[in-house]
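Dear colleague,

A short account of what was found in it comes after.

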Amino acid sequence: MIHTIKHMSWAQFDERRKQTKLAIIPTGAIEEYGPHMPLGTDVIVAEALAERVAQARTCVIAPAIEMGESSSLMCMPGTMALTMDNYKAVIQNEIDLLLGYGFTRLLFINGHGGNTPIITYLAKKAQAEHEGVLCAMADVWPLVEKLGGSVFEHTGAMAHGHAAESNTSIMLHIHPELVDMSKAVKVEPKKRPVPEITSYVKLTDQTPNGVIGDPTNATAEKGKQIMDLCTAKIIEFIDSYFGE
């Protein structure tokens, strides 16, 4: 069965929207991911999770929003960021279109932390302005960290930093042809002077190559385990919260 709107004919889409009120919106970023990983890792993983969920529950997968709010990573070549205002406008536009087509259950599968506050604001706004609408967000990397305690050798940034063990394992599972493990290197995270207070530092001040953590012990098997866990958790949420 086809799940993704861009692969449907208009007639297929028209029929599917009569069968479900649930639309999944994958979003991520195009940004540096170390020398061994593709720039699109965040959105590639979000789309892969969306497809796995759609195989288990009737829904549509809306067009993925590939570029995100990645201003803090513009110091590295290849990062393609939207401004906050532009990203906000794109998300709002997609929400409006989906609501207009009759979808009242919107689930963002978000692969990039910079997008989180904007999605949260617009999701709450949609619920406040449209009676009967429910929105939610599966924030991919926090979910991976929360569920990955028994999967990964490391914890904290060494497993869940940028282009580290967890990210790399998932990509080895879903798109091994896009990962070059011969270029994977371990980079210890730098300690912040007062970690209880948020500071804003350039990525290049934290890492010489875009990696924060240890991708060298990543495996496709670990990637499959965590993708299975995340998929099951999202399906559990859909059943309990959306009632689909």
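Predicted model: local features only at pLDDT ≥ 70, side-chain atom pairs only at ≥ 80, totals over all residues.

Residues are numbered from 1 along each chain as its sequence is written, and side-chain values use heavy atoms, with hydrogens and water left out.

Helix α7 (165–174) is largely enclosed by the rest of the structure, because nine of its 10 residues are buried (under 20% relative accessible area, with exposed over 50% and partly exposed in between; 1.4 Å probe, protein chains only). Helices here are DSSP runs of H or I of at least four residues, numbered from the N terminus. The buried residues of α7 are Glu165, Ser166, Asn167, Thr168, Ser169, Ile170, Met171, Leu172 and Ile174. They pack against α2 (41–56), α5, α6 and α8, where contact means heavy atoms within 4.5 Å.

The axes of α7 and α8 (residues 220–242) come within 7 Å and cross at roughly 95 degrees, which makes α7 roughly perpendicular to α8. Axes are lines fitted to C-alpha atoms, for helices over the stretch in contact, and angles run from 0 to 180 degrees between N-to-C directions; those under 35 degrees count as roughly parallel, over 145 as roughly antiparallel, 65 to 115 as roughly perpendicular and the rest as oblique. In this contact, Glu165, Ser169, Ile170, Leu172, His173 and Ile174 of α7 meet Ala220, Lys222, Gly223, Lys224, Ile226 and Met227 of α8. Six of these residues are nonpolar, three polar and three charged (Ala, Val, Leu, Ile, Met, Phe, Trp, Tyr, Cys and Pro count as nonpolar, Asp, Glu, Lys and Arg as charged, and the others, Gly among them, as polar).

Helix α5 also packs on α8, at an angle of about 110 degrees with the axes 10 Å apart, and is therefore roughly perpendicular to α8. Leu143, Val144 and Leu147 of α5 meet Ile226, Leu229, Cys230, Lys233 and Ile234 of α8. Here the division is seven nonpolar, no polar and one charged.

Ala163, in the loop between α6 and α7, has a positive phi of about 60 degrees although it is not a glycine. Most residues other than glycine have a negative phi. Ala163 is buried, at 0% relative accessibility. Pro215 lies in the loop between α7 and α8 and is likewise buried at 0% relative accessibility. Beyond its neighbours within four places in sequence, Pro215 is in contact with residues including His36, Ala163, Glu165 and Thr168.

The largest pocket holds about 1,200 Å³ of space. On a 1 Å grid over the protein atoms alone, a pocket is an open set of points where a 1.4 Å probe fits, with protein on both sides within 12 Å along at least five of seven lines, and lining residues have an atom within 4 Å of a point; a volume is the space filled by probe spheres set on the points, which are joined across faces, edges and corners. Of the 40 lining residues, the closest to the centre are His162, Arg192, Leu203, Gln206 and Ile212. The elements giving two or more residues to this lining are α5 (140–147), α6 (156–160) and α7, with α5 giving the most, at five residues. By class, the lining has 14 nonpolar, 18 polar and eight charged residues.

With kind regards
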